[in-house]
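Colleague: I'd like to learn how to read a fold from a model. Could you walk me through one?

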Amino acid sequence: CSSDLTTLLPLLFSNQIVPPTSTIFPLVAQAATIWSKGTWDARRRLYDRFQIFIHNLPNNNIVHSLRVDTQACAFVAQLPNLKSSTRISYVSHLKAVLEAVGDPIADFPIFSKALRIAAAGEDINQAIPLIPDHFIIIFQRAQEVNMYLALAIWLAWKTASRWSDIVSLRRQNFIHVAEDEIIIHFKNLTKTTKLSPFDQRTLVVIHQVTPMIGIC
């Protein structure tokens, strides 16, 4: 079955639509669960840019004669105005895609190591963390606009989750709701792909929930 999935995964990175009536649709649908929706979206966008890069190269360009993993490294290297840390992230995404579809990936570790060395010499510009006072202001403004927006912001703050994780939550994920406690079971909605059905990392307990109890 794994070889079949390797053959079918490229369909998920192309413009080919597998109709629900197709006999291979269940297999393709199962393959699609290897990454979260947010991860899929990011990797599809990057993979599309990589394909455009290769397509637009002159026929006599040396990159055309290289393996696909080397081409991917060349693509990342030529992107302008990026910090090495961002390039490392792009390499990681492309490596995951090419590995999933059965393409060679031997050049990625070498290129990643070179990028890490470069990143060590660069200034680190981290986003300013959100402090409680600022969160309260944002949360109160959101309450004035839409209570569900306020709930999403509150959940992201309390669970330190990505927006894609919060968007994927459904009512059944809230397995316990009380005035002093909410328990959320993220199940397979989080970014990591190394999960098991009983992984405690997918369970989050929130205390001090009174402001949100009416709409959870």
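This is a predicted model: local features need pLDDT of at least 70, side-chain atom pairs count only at pLDDT 80 or more; totals for chains, interfaces and linings use all residues.

Colleague: Fine. How many helices and strands does the protein have?

Modeller: Nine helices and three strands. Follow the sequence and you get α-α-α-α-α-α-α-α-α-β-β-β.

Colleague: And how do the strands of a sheet hold on to each other in general?

Modeller: Sheet strands pair through backbone hydrogen bonds, in either a parallel or an antiparallel way. Here the three strands make an open sheet, ordered 1-2-3, with antiparallel pairing. From one strand to the next, the twist averages 10 degrees.

Colleague: Which strands stand at the edges?

Modeller: Strand 1 (174-177) and strand 3 (203-207). Each has a single partner strand, so one side of each lacks a neighbour in the sheet.

Colleague: Over how many bridges do strand 1 and strand 2 pair?

Modeller: Three, and strand 2 covers residues 181-185. To find the pairing on screen, look for H176, which stands opposite I183 in strand 2.

Colleague: Which helix lies across the strands?

Modeller: Helix 8, residues 147-159. It lies across strand 1, strand 2 and strand 3, and runs at about 105 degrees to strand 3.

Colleague: What about the protein as a whole, say burial and surface?

Modeller: Of its 216 residues, 34% are buried. The protein exposes about 13,900 Å², with carbon and sulfur atoms supplying 57% of that area. As for contacts with a separation of 6 or more, 53% are between residues 24 or more positions apart.

Definitions and conventions:
Residues are numbered from 1 along each chain as its sequence is written. Side-chain values use heavy atoms; hydrogens and water are left out. Helices (H or I, at least four residues) and strands (E, at least two) are DSSP runs, numbered from the N terminus. Buried means under 20% relative accessible area, exposed over 50%, partly exposed in between (1.4 Å probe, protein chains only). Contact means heavy atoms within 4.5 Å. Accessible areas come from the Shrake-Rupley method with a 1.4 Å probe; for residues, only the protein chains shown count as cover. Two strands pair if DSSP finds at least two bridges between them. Axes are lines fitted to C-alpha atoms, for helices over the stretch in contact, and angles run from 0 to 180 degrees between N-to-C directions.
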